[in-house]
Amino acid sequence: MAEEICYVVNLPDEATVCVSLMRAEKAFSAKDFRELGKAWPVVSETCRHQWIGLAGEFGQNPANTRRRGRVLNVEEAFEKFDEGLLTPREKEVVEFTLKGHSADAVGRILGISPGTVRIHRRNIYSKLRIRSQGELFSRFIDALLGPEET
């Protein structure tokens with residue numbers, strides 16, 4: 001994977017959807033960003049139409065909740081979600097990835113090459129047994145919500 005970007009769509013009832021776009025060959029250019037920006041109205045309205053009522057599916061409605069206990073703060077969730085599998089550098093890559101930074105941006109922030117960031121991401125995905133940034137985000141949200149009911 002050369003680059004990944006996403007549209008973040010805020011839905012009613014405080015739900016949010018992330019539509020991820022990835023490329024295997026090259027990073028997205030400024031022109032690509034402009035063109036993708038033109039598609040924003042269609043993408044956002046499609047998401048709002050497709051996922052109407054999404055918040056109710058994830059515990060906004062007390063009858064649908066499957067979790068017990070308290071919601072963790074971001075720092076606690078970040079410490080718990082990786083199950084102690086990641087190195088300190090991999091945790092840094094995860095943190096900036098979850099904040100929405102591209103591989104190029106993470107590389108600039110951490111002073112490493114984008115290729116090294118991609119290698120770290122591949123290792124992170126392998127250790128966590130996931131295959132995408134979406135699954136990484138989902139894993140983090142699960143940690144943030146606390147343990148599931150047994």
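1. Setting aside neighbours within four places in sequence, F81 is in contact (heavy atoms within 4.5 Å) with V94, L128, L136, R139, F140 and A143. The model is a predicted one, in which local features need pLDDT of at least 70 and side-chain atom pairs count only at pLDDT 80 or more, while totals for chains, interfaces and linings use all residues. Residues are numbered from 1 along each chain as its sequence is written, and side-chain values use heavy atoms, with hydrogens and water left out.

2. F81 is also among the residues with the most contacts inside the largest nonpolar core, which has 19 residues; V93, V94, V106, I124, L128 and L136 are the others named for this. A nonpolar core here is a set of buried Ala, Val, Leu, Ile, Met, Phe, Trp, Tyr and Cys residues joined through side-chain atoms within 4.5 Å, and buried means under 20% relative accessible area, with exposed over 50% and partly exposed in between (1.4 Å probe, protein chains only). At least two residues of this core come from each of α4 (74-81), α5 (88-98), α6 (103-110), α7 (114-128) and α8 (133-145). A second, separate core has nine residues, including L11, V43, C47 and L54. In soluble globular proteins, nonpolar side chains tend to be buried together.

3. As for the overall layout, the protein chain has eight helices and two strands, and its elements run β-β-α-α-α-α-α-α-α-α from the N terminus on. Helices (H or I, at least four residues) and strands (E, at least two) are DSSP runs, numbered from the N terminus. Of the 150 residues in the protein chain, 33% are buried. Among contacts between residues at least 6 apart in sequence, 55% join residues at least 24 apart.

4. The axes of α5 and α7 come within 10 Å and cross at roughly 95 degrees, and the two helices are therefore roughly perpendicular to each other. Axes are lines fitted to C-alpha atoms, for helices over the stretch in contact, with angles running from 0 to 180 degrees between N-to-C directions; angles of 65 to 115 degrees count as roughly perpendicular, those under 35 as roughly parallel, those over 145 as roughly antiparallel and the rest as oblique. On the α5 side the contact is made by R89, E90, V93, V94 and T97, and on the α7 side by V117, H120, R121, N123, I124 and K127. By class, this contact has four nonpolar, three polar and four charged residues, where Ala, Val, Leu, Ile, Met, Phe, Trp, Tyr, Cys and Pro count as nonpolar, Asp, Glu, Lys and Arg as charged, and the others, Gly among them, as polar.

5. α6 and α7 pack with their axes 8 Å apart, at an angle of about 105 degrees, which makes α6 roughly perpendicular to α7. In this contact A103, D104, V106 and G107 of α6 meet P114, V117, R118 and R121 of α7, and the residues divide into four nonpolar, one polar and three charged.

6. The loop between α7 and α8 contains R129, whose phi is near 55 degrees, a positive value in a residue other than glycine. With a relative accessibility of 78%, R129 counts as exposed.

7. The structure holds two aromatic pairs, a pair being rings of Phe, Tyr and Trp (its six-membered ring) with centres within 6.5 Å, where planes under 30 degrees apart count as stacked, over 60 as edge-to-face and the rest as tilted. Y7 and W40 are stacked, at 5.9 Å centre to centre and with 25 degrees between the planes; this pair links distant parts of the chain, since Y7 lies in strand β1 (residues 3-10) and W40 in helix α2 (residues 40-50), 33 residues apart. Y7 is buried at 11% relative accessible area, whereas W40 is partly exposed at 31%. The rings of F28 and F33 have centres 6.4 Å apart and planes at 65 degrees, so that pair is edge-to-face; F28 is buried at 13% and F33 partly exposed at 47%.

8. C6, in strand β1, counts as partly exposed at 33% relative accessibility, and, not counting residues up to four places away in sequence, C6 touches C18, V19 and S20. The C-alpha atoms of C6 and Q133 are separated by 9.9 Å, although these residues are 127 apart along the chain.
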